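Welcome, and thanks for taking a look. Please have the model open beside you as you read this briefing.

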Amino acid sequence: MQPQIILLKEGTENSQGKPQLISNINACQAVIEAVRTTLGPRGMDKLIVDGNNKATVSNDGATILKLLDVVHPAAKTIVDIAKSQDAEVGDGTTTVVLLAGEFLKAVKPFIEDGMHPHVIIKAYRKALKEALDLLDQLNVKIKGDESNTAHHRTLLENCAATAMSSKLIHHQKEFFSKMVVDAVLHLDELLPINMIGIKKVQGGALEDSFLVSGVAFKKTFSYAGFEMQPKIYKNCKIALLNIELELKAERDNAEVRVDSVEEYQKIVDAEWQILYEKLAKIHESGAQVVLSKLPIGDVATQYFADRDMFCAGRVPEQDLTRTMKACGGSIMTTAHDLNDSVLGRCERFEERQIGGERFNLFTGCPNAKTCTLILRGGAEQFLEETERSLHDAIMIVRRTLKSDAVVAGGGAVEMELSKHLRAFSRTIAGKEQLIIGAMAKALEAIPRQLCDNAGFDATNILNRLRMEHADGNKWYGVDVMNEDVSDNFQACIWEPAIIKKNAMIAAVEAACLILSVDETIKSPKSQGGGPPGGPMGRGRGRPM
């Protein structure tokens, strides 16, 4: 009798073989069902409540999957590709998740019939290469229109509007698409997204939102004397500081031994003298607006008010950096080196009431490569979803500027790829023909889901789309507004080609990764569940 070999710790779970692979595919299907209905202009929203009872309303695939807190190891791959699509392109997160799920679903019968996963992986990689080559041929370049600025701008606005058509704010997409394009065109050639600030103010209507060509941030906490300061300056100089302008409290454990009251008075006077020296240096520099990352105390506030200077302490670091980028100057850590070369400048500074909040606005900045979107709206969740939608649209416009190629949306590209892959599969002998044919059918899931979400007869519309594409009308897709098919390129439903490329690559990679796993080993949880070590004490090594 052969002795039993114990290799893994007791309680370790491991599953392998075909049942394991089928189980992983089923887990991924469950994740995809959660976001399937959010696709397209008629997609539904999800209301997700987290552990702290914070409610989030969203139809952005990446946001939903982040909040779902998926624990299944294979299904986490699907969450990761949604996050990567969101980080890389900004939109198309639901598309990439849906495609990955459909690619897995398409090959499930072949796995059950005993086909080796690597045959499937090889066929998928071959089909992906063919699909990417076709995308390169299909896309329409827009870079040649730089000379015609108005035409170029219209192209960008169409891409932004397409990105917003599936969001909560789709009724205002024309209003916001102009704003988003303005915001992106304000940036320098590197297009850093953190230079576009988005501030949310509850109240008012969505159409009350506006773009500040410069910097705007919420008024910070201020001490007495603040109301005496002027609230509007023209052609002002701005000091950006990282200095604490208030009397420091004594350290708790500090000990100063003095022999007389005079000595104590000297210490107090020295503290005041240091503070007043700093304030005098700032005043002498000629700055009229003083912003600091650290607190500005009541003495300093009063001092500046007496000299018609404006000050704001505890300014968030990102807002201070954006002010520096817009107005010039440098963030100083000492008051001794303040001179004209390190001060920022702007044509107009004002403090304005927006809704229930006060905002500091810097406009007419000389080298403004930054801007701020101020969003108005009702409920907090609605404002947050608006911010997410605008973030997606901003990312899309950035990508369009960088990659300069667009394709038609609304399922048109997927139908054309499906037609091409079906024809391509017939040129290949053997099992791979079946797999590439299955992938071609899986690509039809996007237009099918657009129809289902809008309540249309998907079979009827897909048959008409197949007929149009067979006749060579490559840009025909689902017309969600009229329950019909239409030329989506003519209808200005455009998306950057990089969205589709990225989605195809990420979906195929995720499907191949899940198909290549044939065993899952799960280590047992540590016993007791509590932290390691002995029982708790009362601190400082004393037992309870």
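A crossing is left-handed if the near helix is turned anticlockwise from the far one by less than a right angle, and right-handed if clockwise. With that in hand, here is a tour of a predicted model.

**Helix 3 and helix 4**

- Helix 3 (residues 75–88) and helix 4 (residues 93–112) have axes that come within 8 Å and cross at roughly 145°.
- The crossing in which helix 3 passes helix 4 is right-handed.
- On the helix 3 side, Ile78, Ile81, Ala82, Gln85 and Asp86 make the contact, and helix 4 contributes Thr93, Val96, Val97 and Ala100.
- Sorted by class, the residues of this contact between helix 3 and helix 4 comprise six nonpolar, two polar and one charged.

**Helix 12 and helix 13**

- Helix 12 (residues 412–425) packs against helix 13 (residues 431–443) at an angle of about 165°, and the two axes are 8 Å apart.
- That angle makes helix 12 roughly antiparallel to helix 13, because angles over 145 degrees count that way.
- The crossing of helix 12 and helix 13 is left-handed.
- Helix 12 brings Glu414, Leu417, Ser418, Leu421, Arg422, Phe424 and Ser425 to the contact, while helix 13 supplies Gln433, Ile436, Gly437, Met439, Ala440, Lys441 and Leu443.
- Seven nonpolar, four polar and three charged residues make up the contact of helix 12 with helix 13.

- Is Glu414 buried or exposed? Glu414 has a relative accessible area of 4% and is therefore buried, since the cut-off for buried is under 20%.
- Leaving aside residues up to four places away in sequence, Glu414 touches Thr95, Leu443, Ile446, Pro447 and Lys500.
- One of these partners, Leu443, also belongs to the helix 13 side of the helix contact.

**Ala405, at strand 15**

- Ala405 lies in strand 15, which covers residues 405–408.
- Ala405 counts as buried, at 4% relative accessibility.
- Which residues does Ala405 touch, not counting residues up to four places away in sequence? They are Asn139, Val140, Lys141, Glu495, Pro496 and Ala497.
- Ala405 and Lys141 are 264 residues apart along the chain, yet their C-alpha atoms are separated by 4.4 Å.

**Cysteines**

- A disulfide is a covalent bond between the sulfur atoms of two cysteines.
- Counting pairs of cysteine sulfur atoms within 2.5 Å, the model has zero disulfides.
- Cys236 is in no disulfide, and the nearest cysteine sulfur, that of Cys346, is 3.7 Å away.
- Cys236 is buried, with a relative accessible area of 1%.
- For Cys371, the closest cysteine sulfur is in Cys365 at 11 Å, too far for a bond.
- Cys371 is buried too, with a relative accessible area of 0%.

**Positive phi in the loops**

- Glu483 is not a glycine, although its phi is positive, at about 50°.
- Where does Glu483 lie? Glu483 is in the loop between strand 16 (476–479) and strand 17 (484–487).
- Glu483 is partly exposed, with a relative accessible area of 45%.
- Cys492, also a residue other than glycine, has a positive phi near 65°.
- The loop that holds Cys492 runs between strand 17 and strand 18 (494–496).
- Cys492 has a relative accessible area of 31% and is partly exposed.

Note on methods: Residues numbered from 1 in each chain as written. Predicted model: local features only at pLDDT ≥ 70, side-chain atom pairs only at ≥ 80, totals over all residues. Heavy atoms only, no water. Helix = DSSP H or I, 4+ residues; strand = E, 2+ residues; numbered from the N terminus. Buried < 20%, exposed > 50% of the residue type's maximum accessible area, 1.4 Å probe, protein only. Contact = heavy atoms within 4.5 Å. Axes fitted to C-alpha atoms, helices over the stretch in contact; angles between N-to-C directions. Parallel < 35°, antiparallel > 145°, perpendicular 65-115°, else oblique. Nonpolar A, V, L, I, M, F, W, Y, C, P; charged D, E, K, R; others polar.
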